[in-house]
Amino acid sequence: MLRFLVRRIVLGILVMWLITLAVFALFFIAPNDVARTLAGRQATPETVALIAHRLGLDQPIWKQYVDFVSRLLHGDLGYDYYHQTPVTQIIGAAIPITLSVVIGGAIIWLVMGVFNGVVSAVRPRSFIDRSLTVFSLFFYSMPTFLLGLLLLYFFYFRLTLRGITIFPAGGYAPLGEGPGQWVLHMVLPWFTLALVSAATYTRLTRASMLDVLGEDYVRTARSKGLSERRVVMRHAFRAAMTPIVTQFGIDVGALIGGVVVTEYVFSLPGLGKTAIDAINLQDLPVIIGIVLFASAAVVVANIVVDLFYAVLDPRVRLH
Amino acid sequence: MALLEVRDLSVSFHTPDGVVEAVRGLSYDVERGKTLAIVGESGSGKSVSTQTITGLTRGAQISGSALFNGNELLGASASTLQKVRGAQIGMIFQDPLSSLHPYYTVGWQIVEMIRAHRKETSKKAARARAAELLGLVGIPRASQRIDDFPHQFSGGMRQRVMIAMAMALDPALLIADEPTTALDVTVQAQVLEVMRTLQQEFDTAIILITHDLGVVAEMSDDVVVMYAGTVMEKAPRRTLFYLSHNPYTKGLLASLPARGGRRGRLTPILGTPPSLIDPSERCPFAPRCPSAFDRCWHERPRLDPVSHDAEHTSACWLPHDVAGGLDDPVPARGGSPVDVNPAPETQEESA
């Protein structure tokens with residue numbers, strides 16, 4: 001088990017290293033001349049050369065890469081081009097916002113998806129199964145931005161027109177300033193994210209449960225005279241969880257790098273919105289910082305999922 | 001009164017291709033402490049019939065009756081059946097690896113069984129009982145192995161665990177559904193031995209479902225031979241092996257490899273079992289039967305006594321006054337039938 005974990009971590013580090021190579025290529029080998037862009041149109045060649053020198057662009061490429069990685073290892077992601085703010089500080093400010101959206105949304109979609117999936121699987125082809133399928137596919141086929149805007153339209157605009165203002169139009173209220181405002185600001189983004197994702201989990205849970213309910217050990221559980229509830233939850237669901245956990249880990253890992261559309265619709269300055277803004281401004285250090293953070297999140301999520309397997313399935317524990 | 005009396009059990013399933021009549025008019029008795037073997041090919045309705053009795057078939061149309069200790073099981077409420085399963089009827093299945101839950105230790109699974117029916121039993125007592133049971137079925141160092149997971153046991157040991165679990169509450173009836181099919185021959189004998197020992201100790205009745213006539217010869221008191229959802233022949237073990245009447249039974253016996261080194265070609269039953277969708281009103285075995293004659297194609301034979309022996313019945317239009325033994329020449333397909341005197345009506349009064 002320990003060897004397995006060590007192997008996964010080494011593999012994760014390897015992946016991260018490959019990503020630094022790719023990111024470095026983006027930064028320094030991209031066709032645009034960074035120094036000239038920074039210097040502006042009117043700059044003299046001397047100014048451009050000075051900027052290039054400051055950025056280390058006059059060094060050989062391998063030296064630049066070594067410097068880049070060594071700064072990275074010291075937690076230095078550089079400064080953004082426009083305000084000279086440390087990139088770590090920019091990312092640090094955005095992380096809590098993205099995390100707020102992702103964690104809340106993930107809990108809602110997981111509970112909704114798994115509950116609906118189990119209910120569907122216990123009575124396959126029944127009216128409730130069909131209704132839940134229609135319900136989840138309805139939201140699944142809806143683009144995130146449309147769902148977000150619809151929620152805003154009904155729960156902010158229409159309500160406000162009637163003089164009832166419960167949810168704000170967007171923006172973020174830090175948790176530190178009171179959980180009430182934080183929740184109110186988060187509810188609509190949470191449901192935007194959750195309703196779109198829940199369908200995947202409903203279908204996944206349903207399929208996985210139907211699979212497991214046909215297993216011999218479920219028949220054994222019934223033959224023992226256990227209650228149907230116990231058969232479904234303790235025996236079937238326990239075994240059906242594995243693919244759900246995998247998907248959940250991958251999804252959350254990917255979203256922690258930025259919930260682009262949802263953040264944009266609700267004007268939440270999380271990682272996704274920050275990344276898009278940085279791309280529009282060609283603010284390379286910020287883009288690189290967010291890309292690295294997002295990759296790290298995916299890598300870590302995958303390792304956590306693998307660890308979870310071992311907790312779930314005793315057969316994994318031994319190898 | 002027998003422990004289990006099954007009368008005229010029929011089970012059918014609606015499928016997109018039509019109604020599958022998996023079991024048609026099955027009747028048998030299981031006596032206390034005795035073993036009834038149900039023999040037949042895959043798809044002959046052996047497993048479906050016992051799973052129906054215990055309420056484990058879903059979405060099926062069921063008719064007939066199954067009295068267990070005088071109580072009707074067919075159509076009984078879910079909670080009644082739940083109390084019967086495990087506590088009064090234990091079950092073991094073909095593949096002991098897939099039949100045990102891979103995520104729980106064997107001890108946990110046995111304790112769960114005990115505490116599901118005897119809620120007053122403390123965890124500690126149930127665990128002690130589980131260890132005792134594992135020892136009883138011959139698992140070495142049972143008190144240590146109780147915390148192992150199923151995949152840490154060999155196939156034979158897993159089946160012993162299943163038996164220990166099924167016998168945990170001293171059920172009156174054990175349904176063993178092909179308990180040795182997935183096991184090595186040497187291990188098969190050990191597992192059968194465990195079942196027999198426990199049967200003697202607890203006076204348990206056993207329904208042994210198998211397609212292995214060797215296992216039948218080893219274990220059973222009475223035998224039911226099933227084909228295409230119906231009973232072809234029913235007899236005490238010795239009668240069945242030495243004086244079988246039905247051509248299907250004879251075919252099964254003839255297809256056994258000879259023991260003791262007598263080599264020769266095996267004699268299979270030619271053809272395949274019929275589709276169970278809309279079975280026609282003929283003898284289901286007629287298309288494969290070497291002795292089939294006109295009547296077999298038009299009327300389904302009933303189970304009637306052979307040689308006026310009420311314990312030996314056969315569903316066949318061949319005359320019922322003489323039962324044939326193994327030494328009977330088994331006619332090759334297309335060869336001359338044994339005796340085609342189509343006058344079985346005279347025997348039917350004795351039914």
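I began with two helices of chain A: the axes of α5(A) (residues 87–122) and α10(A) (residues 228–256) come within 11 Å of each other and cross at roughly 150 degrees. For the record, helices are DSSP runs of H or I with at least four residues, strands are runs of E with at least two, and both are numbered from the N terminus. The axes are lines fitted to C-alpha atoms, for helices over the stretch in contact, and the angles run from 0 to 180 degrees between N-to-C directions.

This is a predicted model, in which local features need pLDDT of at least 70 and side-chain atom pairs count only at pLDDT 80 or more, while totals for chains, interfaces and linings use all residues. Residues are numbered from 1 along each chain as its sequence is written, and chains are lettered from A and ligands numbered from 1 in the order in which they are written.

**Entry 1: α5(A) against α10(A)**

I noted that α5(A) and α10(A) are therefore roughly antiparallel to each other. α5(A) passes α10(A) in a right-handed crossing. Right-handed is used if the near helix is turned clockwise from the far one by less than a right angle, and left-handed if anticlockwise.

Which residues of α5(A) meet α10(A)? I listed Thr98(A), Leu99(A), Val102(A), Ala106(A), Leu110(A), Val114(A), Val118(A) and Val122(A). Across from them in α10(A) I found Val232(A), Phe237(A), Ile244(A), Phe248(A), Val252(A), Leu255(A) and Ile256(A). Two residues are in contact here if their C-beta atoms, placed from the backbone, lie within 7 Å. By class, this contact has 14 nonpolar residues, one polar and no charged. I count Ala, Val, Leu, Ile, Met, Phe, Trp, Tyr, Cys and Pro as nonpolar, Asp, Glu, Lys and Arg as charged, and the others, Gly among them, as polar.

**Entry 2: α9(A) against α10(A)**

α10(A) also packs with α9(A) (residues 216–223), at an angle of about 145 degrees and with the axes 10 Å apart. I logged this crossing as right-handed. α9(A) contributes Tyr217(A), Val218(A), Ala221(A) and Arg222(A), and α10(A) contributes Val231(A), His235(A) and Ala236(A). The tally is five nonpolar, one polar and one charged.

**Entry 3: chain A as a whole**

How many helices and strands does chain A have? I counted 14 helices and zero strands. The C-alpha atoms fill a box of roughly 85 × 60 × 35 Å along the principal axes.

The domain assignment, automatic or from a database, gives domain 1 (2–73) and domain 2 (88–317) for chain A. Their centres, taken over C-alpha atoms, are 34 Å apart. Eleven residues of domain 1 of chain A touch eleven residues of domain 2 of chain A. On the domain 1 side, α1(A) (2–29) and α2(A) (34–39) are the elements giving two or more residues, and α1(A) has the largest share, with nine. I sorted that side into eight nonpolar, two polar and one charged residues.

**Entry 4: chain B**

Chain B is divided into domain 1 (4–224) and domain 2 (269–348), with 32 Å between their centres over C-alpha atoms. Nine residues of domain 1 of chain B are in contact with five of domain 2 of chain B. The domain 1 side splits into three nonpolar, three polar and three charged.

I then looked at α7(B) (155–166) and α8(B) (185–202), which pack at about 15 degrees with axes 9 Å apart. That makes α7(B) roughly parallel to α8(B). The residues in this contact include Gly155(B) and Ile163(B) of α7(B), and Val187(B) and Leu198(B) of α8(B).

**Entry 5: where the chains meet**

21 residues of chain B contact 17 residues of chain A. On the chain B side, α2(B) (78–84), α3(B) (96–99) and α4(B) (106–117) each supply at least two residues, and α4(B) gives the most, with three. The classes there are ten nonpolar, eight polar and three charged.

**Entry 6: confidence**

The model scores ipTM 0.85 and pTM 0.83. Chain B averages a pLDDT (the predictor's confidence in each residue, from 0 to 100) of 87, and 89% of the residues score at least 70. Residues 325–351 of chain B stay under 50. Where pLDDT is low, the predicted coordinates should not be read in detail.

Key. Angles under 35 degrees count as roughly parallel, over 145 as roughly antiparallel, 65 to 115 as roughly perpendicular and the rest as oblique.
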